[in-house]
Amino acid sequence: AIEDYKQFVFAFLAAVSFGLISIIFVLTWVLHYREGLAWDGGAAEFNWHPVLIVVGFVFLQGIAIIVYRLPWTWKCSKLIMKFAHAGLHLLAFILAVIAFVAVFDFHNAAKIPNMYSLHSWLGLSALLLYSLQLVLGIGLYLIPVAPVQWRAAFMPLHVYSGLFIFTAVIATALMGLTEKLIFALNNPKYKDSPPEGTFVNVLGLLLVAFGALILWIATRPHWKRPSEQAL
Ligand code: ASC
């Protein structure tokens, strides 16, 4: 049991480390290699898009998914942990919405079309599914109105949908990184491997490592909160 606890802590600290290093990388990207951050309709406004996606839609969503797995919270009431789970997801959702607003606002100011890329189609689909997941999750599991049979019947779909949306968000973020490098790198171009291209490729690998660890932690049955191991 103590060995297993140590393995959990190791996996959790590794996930948090990859997540925090991803945040440092995306900030370094926009502040050092790109135009910085501002809300001015220009490139610095666009830059809020990758920053808020990585902080909110990737990192906070990932931590929200595994919040029930933290052994030191097992003495907290289930309701408190539901608020932590829902609250982190709600914060992730708000940051993701601001990230979308930043892109549309930048596009409109620069007369760039919206919603033509596969990245944008998958990203908006993920955001819409995430909002549905939030509403259904709050309505079924947080507000004490749904009968327990409904809660139990929807739980496999809630868990599957959460992991699916999280995975889709990371895949969509990777497409966004690639798109931006192809658009933005000129002289030297992406294909000539400038330092910014390599740096952002590494950011993509960090997002994959974070996602892989969150999915691993979430899918170990024996790492579930004791009352939930049957679920
Ligand atoms: C809940 C909750 C669970 C499930 C379970 C039905 O609201 O906290 O663990 O629903 O009661 O599967």
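View 1. Glu 196 is buried, at a relative accessible area of 8%. Buried means under 20% relative accessible area, exposed over 50%, and partly exposed in between (1.4 Å probe, protein chains only). This is a predicted model: local features need pLDDT of at least 70, side-chain atom pairs count only at pLDDT 80 or more, and totals for chains, interfaces and linings use all residues. Residues are numbered from 1 along each chain as its sequence is written, and side-chain values use heavy atoms, with hydrogens and water left out. Glu 196 forms a salt bridge with Arg 34; their closest N and O atoms are 2.8 Å apart. The pair links distant parts of the chain, 162 residues apart: Glu 196 sits in helix H7, Arg 34 in the loop between H1 and helix H2 (43-46). A salt bridge is a side-chain nitrogen of Lys or Arg within 4 Å of a carboxyl oxygen of Asp or Glu. Helices are DSSP runs (H or I, at least four residues), numbered from the N terminus. Arg 34 is buried at 17% relative accessibility. Glu 35 also forms a salt bridge with Arg 34, with closest N and O atoms 3.2 Å apart. Glu 35 is partly exposed, at 41%.

**View 2. A salt bridge within H1.** Four salt bridges are found in the whole structure. One of them joins Glu 3 and Lys 6, with closest N and O atoms 3.9 Å apart. Glu 3 and Lys 6 are three residues apart in helix H1, so about one helical turn separates them. Glu 3 is partly exposed, at 47% relative accessible area.

View 3. Trp 29 in the nonpolar core. The largest nonpolar core has 56 residues, and Trp 29, Phe 57 and Leu 207 have the most contacts inside it. At least two core residues come from each of H1 (2-33), H3 (48-65), H4 (78-110), H5 (118-142), H6 (148-184) and H7 (195-219). H1 gives the most, eleven residues. A nonpolar core is a set of buried Ala, Val, Leu, Ile, Met, Phe, Trp, Tyr and Cys residues joined through side-chain atoms within 4.5 Å. Gln 61 in H3. Gln 61 lies in helix H3. Gln 61 is buried, at 1% relative accessible area. Leaving out residues up to four places away in sequence, its contacts include His 89, Tyr 130, Phe 166 and Val 169.

**View 4. Helix H5.** H5 has 25 residues and reaches 34 Å from its first C-alpha to its last, close to the 36 Å expected at 1.5 Å a residue. The expected span is 1.5 Å times one less than the number of residues. Buried residues of H5 include His 119, Gly 123, Tyr 130 and Leu 142. The buried residues of H5 pack against H3, H4 and H6.

**View 5. The loop between H6 and H7.** A cis peptide bond joins Asn 187 and Pro 188, with omega about -5 degrees. Pro 188 is in the loop between H6 and H7. Asn 187 has a positive phi of about 60 degrees, although it is not a glycine. Asn 187 is exposed, at 74% relative accessibility. Ser 193 also has a positive phi, near 55 degrees. Ser 193 is exposed, at 55%.

Terms used:
Contact = heavy atoms within 4.5 Å.
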